[in-house]
Amino acid sequence: MKLKIEQKIDAWVDENRESLINELKDFLRIPNLTGHEGEAQKFVKAQYEALGLEIDEFEPDVKELFEKYPEIAQFPTSYEPELDLVISTPDICTYERWLESGYADKLNYKGRPNVVGTWKGTGGGRSLILNGHIDSVTLGDIDRWEHDPFGAEQVGTRIYARGSSDMKGGILACAKALEVLQAIGVKLRGDVICQSAVNEEHAGNGSLACVARGYKADAAICTDGGFSIKTETGGGIYWKIQIVGREVHTGRRWQGEKMYGVSAIEKSALVINSLCEMEKQANLDGVRLSLGIGTINGGTYATNTARECTVSGVAYFSAAMGVGEAGIKNVKELLRNAINKVSENDPWLSENKPELSFLHYDDAYVFPEGHDLLPVMLSAGEDMLGKTLPIRSTSALDARHLGNRGDTPCLTCGPGNGPAHAPNEFIDINDYLNYIKFLALTVYKWCC
């Protein structure tokens, strides 16, 4: 009896279950925090080489990115607190500002290559990019970790490690999906391009560099995030506002009946209220904007009015605010208007206007309606897993670069249902193995 392709994929993954799990653990034990992706990329390159893929290993060129994509290229970042989002800009990031920042010798892509592997088809089929990012965010409060962040400790069906869910599981699953197809003798007509990109976190420059290098396909899957299909990715803007006051001893705050000492902290309350009102107005017809007031720092001494105060946060937004660079510009303008409004209504702030600057920004992306990849992925979920995968939206991911700049329609779906960016991040073994099966069948359906 001839086995169906679904049965062959299912049987191979089940027969190789232990080796697939052990190999994932080996991968998760390699530290891969943003800025230090080199060792993990060696592992990925070895995976691609073992599959006989054509290898393209290259470091993103910062100057090229700013020249080709001046509205969206970002400053390189690294996970260390003293290097993470340390360069600000009043509007857009620029190559000149990066050079003049004093950080160019530390924030770059030396020793941080992208690794791309291509499985060439026999011809006449549709091509597919499988994209993912190799870097992971910082560990955060290490005391909140119950497991070694790079120990790959297994408890039940969960493997705990930083980067397991976001998104080494997705990166390795790409290679393993191709390994399944090769092992069961599949010959694809279309090309499959696996991209392991650096510096997705707080930049996105790795995938942007793949676009700049000319990689495109008939469709793409970003293997980030949880086991659902994301047709829309929102945008995000990281901002900070610097507010000045007049520092005096509180005992001399008043000169007669006139206030002389002005605390920048008390003025920050007015600024924050204006931002929150802006968020409220933006969401009158549905939630389109989510404002985060992340940190507030100011003052030097309890008995003095604060001379300075810095408020920082994020503004995440849906595609309803605008897709691509247009959405970023719209949200930046809302932030500026909120600052202008509060400054116009307060005598001190009108003469000492708060300074708004930006640290990083992502754009929103929407997968085109009617494209064939969505029904192919839905059918793969039904045929391989016996269920309909939910369709959702998510926050900013590298799908935006493939779709908005690379002319490659991109859906997002990955095996990582664990708590990304949080202590005790994990990936579920069953999710990981089922995702390999699902992705292998998707590739087969699309590229054969």
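**Figure 1. Arg 162 is buried, at 1% relative accessibility, and pairs with Glu 425.** Buried means under 20% relative accessible area, exposed over 50%, and partly exposed in between (1.4 Å probe, protein chains only). This is a predicted model: local features need pLDDT of at least 70, side-chain atom pairs count only at pLDDT 80 or more, and totals for chains, interfaces and linings use all residues. Residues are numbered from 1 along each chain as its sequence is written, and side-chain values use heavy atoms, with hydrogens and water left out. Glu 425 is also buried, at 1% relative accessibility. The side chains of Glu 425 and Arg 162 form a salt bridge, 2.7 Å from N to O. Glu 425 sits in the loop between strand E17 (410–412) and strand E18 (426–428), and Arg 162 in the loop between strand E5 (158–160) and H6, so the pair ties together parts that are 263 residues apart in sequence. A salt bridge here is a side-chain nitrogen of Lys or Arg within 4 Å of a carboxyl oxygen of Asp or Glu. By this rule the count comes to 26 salt bridges. Helices (H or I, at least four residues) and strands (E, at least two) are DSSP runs, numbered from the N terminus.

Figure 2. Most peptide bonds are trans. Further along H6, Glu 179 and Lys 176 lie three residues apart, about one turn of the helix. They form a salt bridge, with the closest N and O atoms 2.7 Å apart. Lys 176 is buried, with a relative accessible area of 3%. Glu 179 is partly exposed, at 25%.

**Figure 3. A network of salt bridges joins five named residues.** The members are Glu 325, Asp 362, Asp 363, Arg 400 and Arg 405. Shared partners link these salt bridges into one network. Side chains of opposite charge can pair when their charged atoms come close.

**Figure 4. Glu 64 and Lys 68 pair within helix H4 (residues 62–68).** Being four residues apart in H4, the two are separated by about one helical turn. Glu 64 is partly exposed, at 26% relative accessibility. Lys 68 is partly exposed too, with a relative accessible area of 43%.

**Figure 5. Helix H7 is largely enclosed by the rest of the structure, because eight of its eight residues are buried.** The buried residues are Asn 205, Gly 206, Ser 207, Leu 208, Ala 209, Cys 210, Val 211 and Ala 212. Their cover includes strand E1 (54–58), H4, strand E2 (114–119), strand E3 (128–133), E6 and helix H12 (399–405). Just after H7, Gly 214 takes a positive phi of about 105°.

**Figure 6. The loop between strand E6 (192–197) and helix H7 (205–212) contains Asn 199 and His 202.** Asn 199 has a phi near 50°, a positive value in a residue other than glycine. His 202 also has a positive phi, near 65°. Most residues other than glycine have a negative phi. Asn 199 is buried, at 0% relative accessibility. His 202 is partly exposed, at 21%.

**Figure 7. Glu 232 lies in strand E8 (residues 229–233).** Glu 232 counts as partly exposed, at 23% relative accessibility. Contact means heavy atoms within 4.5 Å. Leaving aside neighbours within four places in sequence, Glu 232 is in contact with Ser 318, Ala 319, Tyr 365, Val 366, Arg 392, Ser 393 and Thr 394. Gly 204 is 28 residues from Glu 232 along the chain, and their C-alpha atoms are separated by 17 Å.

**Figure 8. Asp 61, Glu 67, Glu 96 and Glu 100 gather in a patch of negative charge on the surface.** Patches are made of residues with over 30% relative accessible area and no salt bridge; like charges are joined within 9 Å, nonpolar side chains (Val, Leu, Ile, Met, Phe, Trp, Tyr) within 5 Å. Accessible areas come from the Shrake-Rupley method with a 1.4 Å probe; for residues, only the protein chains shown count as cover. Lys and Arg count as positive and Asp and Glu as negative, with His and the chain ends not counted. The place of a charge is taken as NZ of Lys, CZ of Arg, CG of Asp or CD of Glu. Glu 96 is in helix H5 (residues 95–100). This residue is partly exposed, with a relative accessible area of 46%.
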